Amino acid sequence: MPNAMLATAADAGNADGSDLLDTNERLIYFSSSSGNTHRFVEKLGLPATRLPLAGQQVRAGSPFVLVVPTYGADGKGHVPPKVVRFLNDPANRARLTGVIGAGNTNFHDTYGVAADIIAAKCGVPVLYKFELMGTPEDVTRVREGLEELWRRQSKS
Ligand SMILES: Cc1cc2nc3c(=O)[nH]c(=O)nc-3n(C[C@H](O)[C@H](O)[C@H](O)COP(=O)(O)O)c2cc1C
């Protein structure tokens, strides 16, 4: 049941009935209805929370890495609005430890730029970039990189 590891936060509900959904996953991602980033994260086989396309706001309770595809045009709107809303919460920004960017190199200068924008604004590193749903090499490199990062974080 691989999808069990990819809970959409919206599925979780909140005990107090509020619109704020808590997650302690160390990997949080946005993926639009085209689902490329979702497929990449599925291939990682690591527990992850997907930001809901509509509705509830997500609150990160633990340090996390964000995976974000780039959208927009004409130098605007590159960070998806759901991700902007998520990061407008200071508690979420405080727990962000790194960003992984998804995109398409056909966009040249703005390839994966949402990750660069978030990294600059939040003072965290861009850990990796991949195209579309990623190659098998991307999947291996990201999985190994995250496991190493989390090993180091658990020691500090
Ligand atoms: C309207 C639109 C604009 C996009 N703009 C960019 C861009 O500026 N830079 C980039 O790297 N990718 C861009 N992309 C490609 C997406 O980032 C890429 O398809 C990604 O895999 C989408 O992820 P998702 O299916 O999980 O939402 C754009 C795609 C669309 C549909």
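Predicted model: local features only at pLDDT ≥ 70, side-chain atom pairs only at ≥ 80, totals over all residues.

Biologist: What makes S2 and S3 count as a pair?

Modeller: Strands pair if there are at least two bridges between them. S2 and S3 have two bridges, so they meet the cut-off of at least two. As for the residues, isoleucine 28 has threonine 49 in S3 as its bridge partner.

Biologist: Which strands make up the open sheet, and in what order?

Modeller: There are five strands, in the order S3-S2-S5-S6-S7, and the pairing is parallel.

Biologist: Why are S3 and S7 said to stand at the edges?

Modeller: S3 (49-50) and S7 each have a single partner strand, so one side of each has no neighbour in the sheet.

Biologist: How do you know that S5 pairs with S2 and with S6?

Modeller: Count the bridges again. S2 and S5 share three, in the parallel sense, with tyrosine 29 opposite valine 67 in S5. S5 and S6 are joined by six, also parallel. Over in S6, glycine 98 is the bridge partner of valine 65, and valine 99 is that of leucine 66. Both counts pass, because a pair needs at least two bridges.

Biologist: And how many bridges link S6 and S7?

Modeller: Five, in the parallel sense. Valine 99 has valine 126 as its bridge partner in S7.

Biologist: What makes you say that S5 is largely enclosed?

Modeller: Burial is a head count: a residue is buried if 20 or more other C-beta atoms lie within 10 Å of its own. In S5, six of the six residues are buried, so the rest of the structure largely encloses this strand. Phe64, Leu66 and Val68 point one way, while Val65, Val67 and Pro69 point the other way, and all are buried. S6 is mostly covered too, with seven of its eight residues buried.

Biologist: Why is helix H6 described as lying largely in the open?

Modeller: H6 has 20 residues and the number buried is two, so it lies largely in the open.

Biologist: How do you know that the span of H6 agrees with what a helix should have?

Modeller: At 1.5 Å a residue, the 20 residues of H6 (residues 136-155) should span 28 Å. The end C-alpha atoms are 29 Å apart, which agrees.

Biologist: Is histidine 108 buried or exposed?

Modeller: Exposed, with 7 other C-beta atoms within 10 Å. Histidine 108 lies in the loop between S6 (96-103) and helix H5 (113-122). Here too phi is positive, about 50°, although histidine 108 is not a glycine.

Biologist: Which residues of the largest nonpolar core touch the most other members?

Modeller: Of its 32 residues, they are Ile28, Tyr29, Leu66, Val67, Val68, Ile100 and Ile118. The largest share of this core comes from S5, with five residues.

Biologist: What is isoleucine 118 in contact with, leaving aside its neighbours within four places in sequence?

Modeller: Leu66, Val68, Val79, Leu87 and Val99. Contact is a matter of distance: the two C-beta atoms must lie within 7 Å.

Biologist: One last stop, the ligand. Which residues are closest to the ligand?

Modeller: Ser32, Asn36, Thr37, Pro69 and Gly103 are the closest of the 21 residues that surround the ligand. Helix H2 gives the most to this shell, with three residues.

Biologist: How do the residues of the shell divide into nonpolar, polar and charged?

Modeller: Seven are nonpolar, 14 are polar and none are charged. Gly counts as polar here, and Gly103 is among the closest residues.

Notes
Residues numbered from 1 in each chain as written. Helix = DSSP H or I, 4+ residues; strand = E, 2+ residues; numbered from the N terminus. Buried ≥ 20, exposed ≤ 12 C-beta atoms within 10 Å, placed from the backbone. Expected span 1.5 Å × (residues − 1). Near = placed C-beta within 6 Å. Core = buried A, V, L, I, M, F, W, Y, C linked by C-beta atoms within 7 Å.
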